[in-house]
Amino acid sequence: MKKSPKRLSVLLGTILGASLVLSACGGAGDKEKTSGEVKSGSEEKTLSFRLADNHPDNYPTVLGDKKFAELVNQKSNGRIKISVFPNGQLGDEKSIIEQVQLGAVEFARVSTGPLAEFSKSLGVFSLPYIFDSSEHEWDFLNSDKGKELLKSLESSKMLGLAYFDSGARNFYTNKPVNNVDELKGHKIRVQQSQINIDLIGALGGSATPMPYGEVFSSLQTGVIDGAENNLPSYVSSNHYQVAKNLVLDGHQRVPEVVMVSKAIWDKLSDTDKKIIQEAAEESVATQREEWDKMEKESEAKIKEAGVNIIEVNDIKPWQDKVKPVIDKYQAEYSDVLDAIDKARK
């Protein structure tokens, strides 16, 4: 696909930046080894990396990123520094993925949604109602199969280090939807994904893919009847001001991934790989705590704003409606779905 001049300039700039970082760690003309490797003596290299995140500075994933960077710094006695760049400063998710593949940006926090393009197995998280709860989801993510999915990005020049939480996605609409049958005919904004389109169709709605930035005005003007997202995003986007009916159906749980460029990873010493892997895994607790905190704050805010919160006490009718979607993708994700079933307690 032809890249725009603006995008190309951003990409070239980040590649140059990464080259400068690596050259600072040791050029071809001196006795130091390549970035991340250990010198011939007892002294180890000082390394500087960047981590990209498209969420705001106080968002739970960014706070998790910062904890990760802090732990890496501590475990390496200040030798490895990771600078976190929130707010999409280094590019949107798509361009960041490309830059991580090239090694132009060393680390990133990205949703598993777009990563499914590079590892089909990660597309399983878009399937509806496959997790019973947050506990069920995390039991799977921490299982051998969950960890295996992180490594499945390796063939695409990336490596997943750890999962971050992004809660459950729920529908919100202009008119109350008290049961699954009342969703029929509603135009629902979805992310561009065949599974999402199939999901809305199975529930009787009309899937309407559109850019996220257009959702507020489209809800306001009636171009669409509803959308879906996690609770903090429902609040931070101000969608709760124009779509005042929230249906707590929890149809998807799409985790985030902290990942590293394989080009960078392969140059690191085993000691540094261990430091970074441990720090990523240990940062998850902080990120999940921050996520729970933001979810509670978001819930309090929408209650104060008078949002009509519709509890789904019996999820089975919703699951029955989307069974054709599960059946359609069953063969493609059979081994992962089996592991998700086994993670049930």
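Which residue's side chain meets that of Arg50 in a salt bridge? Glu106 does, at 3.9 Å from N to O.

## What you're looking at

This is a predicted model: local features need pLDDT of at least 70, side-chain atom pairs count only at pLDDT 80 or more, and totals for chains, interfaces and linings use all residues. Residues are numbered from 1 along each chain as its sequence is written, and side-chain values use heavy atoms, with hydrogens and water left out.

The protein chain has 14 helices and 11 strands. Those are DSSP runs, numbered from the N terminus: H or I with at least four residues for helices, E with at least two for strands. Of the chain's 345 residues, 50% count as buried. Here buried means under 20% relative accessible area, exposed means over 50%, and partly exposed is in between (1.4 Å probe, protein chains only). Take the contacts (heavy atoms within 4.5 Å) between residues at least 6 apart in sequence: 75% of them join residues at least 24 apart.

## Back to Arg50 and Glu106

A salt bridge is a side-chain nitrogen of Lys or Arg within 4 Å of a carboxyl oxygen of Asp or Glu. By that rule the count comes to 24. In the opening pair, Arg50 and Glu106, Arg50 lies in strand S1 (residues 47-52) and Glu106 in the loop between helix H3 (93-102) and strand S3 (107-111), so the bridge ties together parts that are 56 residues apart in sequence.

Are these two buried or exposed? Arg50 is buried, with a relative accessible area of 15%. Glu106 is buried as well, at 1%.

## Other salt bridges

Asp181 and Lys321 also pair up through their side chains, at 3.4 Å from N to O. Asp181 sits in the loop between strand S5 (169-173) and strand S6 (187-190), while Lys321 belongs to helix H12 (residues 316-321), so this pair ties together parts that are 140 residues apart in sequence. Lys321 is partly exposed, with a relative accessible area of 33%.

Then there's Arg344 with Asp341, a salt bridge at 2.4 Å from N to O. Both partners are partly exposed: Arg344 has 30% relative accessibility, and Asp341 has 45%. Elsewhere, salt bridges that share partners join Asp53, Glu93, Arg109 and Glu256 into one network.

## How H2 sits on H11

Helix H2 (residues 60-75) packs against helix H11 (residues 270-304) at an angle of about 150°, with the axes 7 Å apart. The axes are lines fitted to C-alpha atoms, for helices over the stretch in contact, and angles run from 0 to 180 degrees between N-to-C directions.

On the H2 side, the residues in contact include Pro60, Leu63, Lys67, Phe68 and Leu71. Among those they meet in H11 are Ile275, Ile276, Ala279, Trp291 and Met294. The residues of this contact divide into 11 nonpolar, five polar and five charged.

Lys293 has its place in H11 and is partly exposed at 47% relative accessibility. The C-alpha atoms of Lys293 and Pro60 are separated by 8.8 Å, although the two residues are 233 apart along the chain.

## Residues in loops

His239 lies in the loop between helix H9 (231-236) and strand S9 (245-252), and is buried at 2% relative accessible area. Leaving aside neighbours within four places in sequence, His239 is in contact with Tyr172, Tyr212, Val215, Phe216, Leu219 and Tyr234.

What is the phi of Asn87? About 60°, which is positive although Asn87 isn't a glycine. Asn87 lies in the loop between strand S2 (80-85) and H3, partly exposed at 49%. Lys157, another non-glycine, has a positive phi of about 70°. Look for Lys157 in the loop between helix H6 (144-151) and strand S4 (158-164), where Lys157 counts as exposed at 52% relative accessibility.

Key. Ala, Val, Leu, Ile, Met, Phe, Trp, Tyr, Cys and Pro count as nonpolar, Asp, Glu, Lys and Arg as charged, and the others, Gly among them, as polar.
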